[in-house]
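Please open the structure in your viewer and keep the selection tool at hand. The tour starts with one close pair of atoms and then widens to the whole chain.

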Amino acid sequence: MKTKNTLINYVEFKALDLELTKIFYNQCFGWVFTDYGPTYTAFTDSGLEGGFEKTDEDIINGVLIVLYHENLLFIKDKIVEAGGTIVKNIFSFPGGSRFHFSDPSGNELAVWSDK
């Protein structure tokens, strides 16, 4: 039996520009932000809670977060329009398709769909 102690319940990223990061994720995915001082903002309404910490150092991504969207072309265009960069175009894999993008701070994520 799984308990809450074994579930992921928070994801934390680094961000070069907190305001630009908040605008990007709100516009693309509807995430809601709560600021905790000038160097940290937390997000909700993402399916998993998390936060962004301000950094001036190069960001090296250690985790790939994969989001779901039923329309990859729609969300890909929305990501690019909001300032994201496609780093791996849409490709198929058993069970669906996905693409990778980087946000304005350089964090790499993926979006997949089974449609």
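A polar contact is a pair of N or O atoms within 3.5 Å; within protein, one of them must be able to donate a hydrogen and the other to accept it. With that in mind, and remembering that this is a predicted model, select Ser-113 together with His-69: a polar atom of the side chain of Ser-113 lies 3.1 Å from the backbone oxygen of His-69.

Stay with Ser-113, which belongs to strand S8, covering residues 108–113. Ser-113 counts as buried because its relative accessible area is 0%, and buried means under 20%. Now show the residues that Ser-113 touches beyond four places in sequence, among them Tyr-68, Glu-70, Leu-72 and Gly-95.

Next, select Lys-115, in the segment after S8. Is Lys-115 buried or exposed? Its relative accessible area is 69%, so Lys-115 is exposed. Leaving aside residues up to four places away in sequence, Lys-115 touches Tyr-68 and Glu-70, while its C-alpha atom is separated by 7.3 Å from that of Asn-71, 44 residues apart along the chain.

The C-alpha atoms fill a box of roughly 45 × 40 × 25 Å along the principal axes, and of the 115 residues, 35% count as buried. If you display the surface, the chain exposes about 7200 Å², of which carbon and sulfur atoms supply 52%.

Conventions:
Residues numbered from 1 in each chain as written. Predicted model: local features only at pLDDT ≥ 70, side-chain atom pairs only at ≥ 80, totals over all residues. Heavy atoms only, no water. Helix = DSSP H or I, 4+ residues; strand = E, 2+ residues; numbered from the N terminus. Buried < 20%, exposed > 50% of the residue type's maximum accessible area, 1.4 Å probe, protein only. Contact = heavy atoms within 4.5 Å. Areas by Shrake-Rupley, 256 points an atom, 1.4 Å probe, with all protein chains shown as cover.
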